[in-house]
Amino acid sequence: MEWENQTTLVEFFLKGLSGYPRLELLFFVLILAMYVVILLGNGTLILISILDSHLHTPMYFFLGNLSFLDICYTTTSIPSTLVSFLSERKTISFSGCAVQMFLGLAMGTTECVLLGMMAFDRYVAICSPLRYPTIMSKDSYVPMAAGSWFAGVVNSAVQTAFVVQLPFCRNSVINHFSCEILAVMKMACADISDNEFIMLVATTLFTLMPLLLIVISYSLIIASILKIRSSEGRSKAFSTCSAHLTVVIIFYGTILFMYMKPKSKETLNVDDLNATDKLISMFYGVMTPMMNPLIYSLRNKDVKEAVKHLLNRSFFRK
């Protein structure tokens with residue numbers, strides 16, 4: 001695209017599933033149902049972790065943060081996506097797009113770092129149980145969670161600030177359901193090598209480094225579990241981290257598949273995402289936050305007992 005075509009954009013057109021009205025109606029129903037499950041499931045986990053004193057531990061403090069994070073992350077894009085499915089006007093203002101980019105990237109970065117912190121918590125709990133209360137005291141786990149949020153906000157603020165300063169061309173069509181920062185950045189009529197370098201550094205620091213921490217933590221956890229002689233002891237030790245490990249595999253597995261799968265030279269410059277890419281994007285944006293509370297509730301005895309306790313208490317009050 002030639003330089004003379006660059007202009008100051010007022011709004012972007014979110015392509016999504018334009019041209020497929022039946023699919024839009026189908027996905028509207030599905031995503032709305034999933035969003036309700038996300039709000040109810042994660043909201044319930046937050047409420048339980050606050051109300052039940054038995055869950056006032058580092059693990060459930062992190063879990064409460066993760067649930068709140070999932071609610072925030074999905075709320076940055078799902079409501080606008082649902083509106084676009086039913087509306088003929090599928091545009092978003094430039095400022096609205098910038099806010100959506102900032103919030104989406106901030107929540108995604110925070111979740112990466114937070115999952116790393118949770119892995120470290122499980123490592124200490126299993127490999128150094130006697131020192132766990134000392135190492136994972138309130139003075140430790142609260143700053144760890146706060147640091148995760150701070151890292152997400154700072155990373156997103158820096159990257160979003162650099163993207164919104166780019167000159168954009170007249171072609172304002174974003175082939176996505178929301179303002180995904182990489183899709184917006186590639187629409188610029190300027191050299192984006194600096195932006196790509198910043199994104200590479202940020203990805204290394206806030207995505208790959210937490211993943212490395214998770215891998216190291218679970219390698220040490222598995223080695224420690226294998227040293228336990230009784231099968232009952234091994235099963236009990238593994239059950240304390242199986243839910244978190246499942247969430248990590250789903251979260252990082254989806255990211256790695258989305259952004260690191262090989263692409264041919266012919267497809268690198270193609271504007272249209274194929275159906276598989278869009279479904280994977282939808283899975284990453286909706287399915288993972290929806291499954292998190294289900295995984296933690298179905299695979300965790302403490303959460304089940306807390307739910308029963310709260311239900312019984314509310315029943316007897318009546």
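Reader: Let's start with a pair of helices. Which way does α2 cross α6, right-handed or left-handed?
Author: The crossing of α2 past α6 is right-handed. Keep in mind that this is a predicted model.
Reader: Which residues make that contact?
Author: On the α2 side, P58, F61, F62, N65, F68 and L69. On the α6 side, Y141, V142, M144, A145 and W149.
Reader: How do they divide into nonpolar, polar and charged?
Author: There are 10 nonpolar residues, 1 polar and no charged.
Reader: And at what angle do the axes of these two cross?
Author: At roughly 20°, and the axes come within 10 Å. Angles under 35 degrees count as roughly parallel, so α2 is roughly parallel to α6. For orientation, α2 covers residues 58-75 and α6 covers residues 138-164.
Reader: What about α1 and α2, at what angle do they pack?
Author: About 155°, with the axes 9 Å apart. Anything over 145 counts as roughly antiparallel, and α1 and α2 are therefore roughly antiparallel to each other. Their crossing is left-handed.
Reader: Which residues meet there?
Author: From α1, Y35, I38, L39, N42, G43, L45, I46 and S49. They meet Y60, L63, G64, S67, F68, D70, I71, T74 and T75 in α2. By class, that contact has 9 nonpolar, 7 polar and 1 charged residues.
Reader: I clicked on I46. What does I46 touch?
Author: Leaving out residues up to four places away in sequence, I46 touches G64, S67, F68 and I71. The C-alpha atoms of I46 and G64 are separated by 4.9 Å, although the two are 18 residues apart along the chain.
Reader: Is I46 buried or exposed?
Author: Buried: the cut-off is under 20% relative accessible area, and I46 has 19%.
Reader: Back to helix pairs. How do α4 and α6 cross?
Author: Their axes come within 7 Å and cross at roughly 145°, in a right-handed crossing. The contact of α4 with α6 has 20 nonpolar, 8 polar and no charged residues.
Reader: New topic, the core. Which residues touch the most other members of the largest nonpolar core?
Author: F62, L115, Y252 and Y296, out of 43 residues in that core.
Reader: Which helices supply at least two residues each?
Author: α1, α2, α4, α6, α8, α9, α11 and α12.
Reader: What does Y296 touch?
Author: Not counting residues up to four places away in sequence, Y296 touches L45, M59, L63, L66, M118, A243, H244, V247 and V303.
Reader: What other core lies apart from the largest one?
Author: One of 19 residues, among them V163, L166, M185 and M199.
Reader: One more residue. Where does S77 lie?
Author: In the loop between α2 and α3. S77 is buried, with a relative accessible area of 17%. Setting aside residues up to four places away in sequence, S77 touches Q100 and S178.
Reader: Zooming out, how many helices and strands are there?
Author: The secondary structure comes to 12 helices and 5 strands. Of the 318 residues in the protein, 44% are buried.
Reader: And what about contacts between residues at least 6 apart in sequence?
Author: Among those, 80% join residues at least 24 apart.

Methods
Residues numbered from 1 in each chain as written. Predicted model: local features only at pLDDT ≥ 70, side-chain atom pairs only at ≥ 80, totals over all residues. Heavy atoms only, no water. Axes fitted to C-alpha atoms, helices over the stretch in contact; angles between N-to-C directions. Helix = DSSP H or I, 4+ residues; strand = E, 2+ residues; numbered from the N terminus. Parallel < 35°, antiparallel > 145°, perpendicular 65-115°, else oblique. Left-handed = near helix turned anticlockwise from the far one by under 90°. Contact = heavy atoms within 4.5 Å. Nonpolar A, V, L, I, M, F, W, Y, C, P; charged D, E, K, R; others polar. Buried < 20%, exposed > 50% of the residue type's maximum accessible area, 1.4 Å probe, protein only. Core = buried A, V, L, I, M, F, W, Y, C linked by side-chain atoms within 4.5 Å.
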